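Biologist: Can we go through this chain together, starting with how its helices pack?

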Amino acid sequence: MWLLFLLVACVAAALSCAQLCRAAVAVARATGPAPRPAPAPDPDSADGSATGLTLYEMAYLSGGPRRLADVVLVLMAQQRRLLLAHTGWATVVDPVGLDPVERATLSAIGPDGQRRIPAIREALVADEAVRAVGDRLVAAGLALPAAARGLRNAVRQVQGATVLALLCAAAAYATAPAGEDRGQLLIWFTLPLILTLGTLAVARFELHPYSDWATGAGEERLPGRPGFTAFSPSSPAPVAPLASLMTLALHGPRALTDPTLRAALHSSGA
């Protein structure tokens, strides 16, 4: 019976490590050795900047198109052009978009002027204006293309295989027949553990921080990393507090201090 547990642990370890290696190779190919120029700011964007990253670009590099959608919703809500209810509904107050992403947001809400926030977020993820932000970052070498995403999930799979190997070892130990050398039995389970833990150690050294959106060059452009250029909005300047929007862009809704906005973004809108 213990051989069956060992087989399960080894197969899971081998498959998950192979998946992580494929993801790492895809990231390496997408990143490339030669740095490329930074994306040009979108002249139509209300949060564009002459140097560095725009607020939308920070959000995309930190959390992808869904993070960008959350940022534009909160930006418009803090400027009193949208009302975000804690129940998860967004209502249009001022139906005028200041940039392509805001106009896409209003289109996603629809002519009724009210829609559930999760539905708006999903519509924005598929919108051309949001995809254009990602395309500019990919072209500049700051964001990963679609084919290279999945590194974070691959790391989680290897971590799961590590836990599975430990559980299989415990099960094999518990079900070993009387008289079996249980110490020798457990030694066999060090094989999948060495494979998964060694792969995780290499990934931590070579690939951390794990990102499905930003390349290494993109990570360096974000606040707190070497090479970061301060964000400075151009005209028209956002009325909303810039610090809270940057915090949202970099860390997600959990970092918001406003409980109503935090509940609105986390609500299912049911």
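Modeller: Bear in mind that this is a predicted model. I would begin with H2 and H4, which are oblique to each other, since helix H2 (residues 55-78) and helix H4 (residues 117-125) pack at an angle of about 120°, with their axes 9 Å apart.

Biologist: And which hand does the crossing of H2 and H4 have, left or right?

Modeller: The crossing of H2 and H4 is right-handed.

Biologist: Which residues make that contact?

Modeller: On the H2 side they are Pro 65, Arg 66, Ala 69, Asp 70, Val 72 and Leu 73, and on the H4 side Ile 117, Ile 120, Arg 121, Glu 122, Leu 124 and Val 125. Sorted by class, the contact of H2 with H4 holds eight nonpolar and four charged residues, with no polar ones.

Biologist: OK, next pair: at what angle do H2 and helix H5 pack?

Modeller: H2 and helix H5, which spans residues 128-139, pack at about 135°, and their axes are 10 Å apart. The crossing of H2 and H5 is left-handed.

Biologist: Who is involved in the contact of H2 with H5, and how do the residues divide by class?

Modeller: H2 contributes Tyr 56, Glu 57, Tyr 60, Leu 61, Pro 65 and Leu 68, while H5 contributes Val 130, Val 133, Gly 134, Arg 136 and Leu 137. In the contact of H2 with H5, eight residues are nonpolar, one is polar and two are charged. Pro 65 is listed in the contact with H4 and also in the contact with H5.

Biologist: Changing topic, where does Ser 16 sit, and is Ser 16 buried or exposed?

Modeller: Ser 16 lies in helix H1, residues 2-31, and Ser 16 counts as buried because its relative accessible area is 6%, which is under the 20% limit.

Biologist: What is around Ser 16, then?

Modeller: If we leave aside the neighbours within four places in sequence, Ser 16 is in contact with Gln 157, Val 158 and Ala 161. Within its own stretch of chain, a polar atom of the Ser 16 side chain lies 3.1 Å from the backbone oxygen of Ala 13.

Biologist: What about the backbone, say phi of Arg 80?

Modeller: Phi of Arg 80 is near 65°, a positive value in a residue other than glycine. Most residues other than glycine have a negative phi. Arg 80 is placed in the loop between H2 and strand S1, 82-84, and Arg 80 is exposed, with a relative accessible area of 63%.

Biologist: What does Val 93 contact, and where does Val 93 lie?

Modeller: Val 93 lies in the loop between strand S2 (89-92) and helix H3 (100-109), and Val 93 is exposed as well, with a relative accessible area of 52%. Apart from neighbours within four places in sequence, the residues in contact with Val 93 are Arg 80, Arg 81, Leu 82 and Leu 83. Val 93 and Gln 114 are 21 residues apart in sequence, and the C-alpha to C-alpha distance between them is 9.7 Å.

Biologist: Last one: how many helices and strands are in the chain, and what share of it is buried?

Modeller: There are eleven helices and three strands, following the pattern α-α-β-β-α-β-α-α-α-α-α-α-α-α along the sequence. The chain has 270 residues, of which 44% count as buried. Among contacts between residues at least 6 apart in sequence, 71% join residues at least 24 apart.

Methods:
Residues numbered from 1 in each chain as written. Predicted model: local features only at pLDDT ≥ 70, side-chain atom pairs only at ≥ 80, totals over all residues. Heavy atoms only, no water. Helix = DSSP H or I, 4+ residues; strand = E, 2+ residues; numbered from the N terminus. Buried < 20%, exposed > 50% of the residue type's maximum accessible area, 1.4 Å probe, protein only. Polar contact = N/O pair within 3.5 Å; in protein donor to acceptor, adjacent residues only side chain to side chain. Contact = heavy atoms within 4.5 Å. Axes fitted to C-alpha atoms, helices over the stretch in contact; angles between N-to-C directions. Parallel < 35°, antiparallel > 145°, perpendicular 65-115°, else oblique. Left-handed = near helix turned anticlockwise from the far one by under 90°. Nonpolar A, V, L, I, M, F, W, Y, C, P; charged D, E, K, R; others polar.
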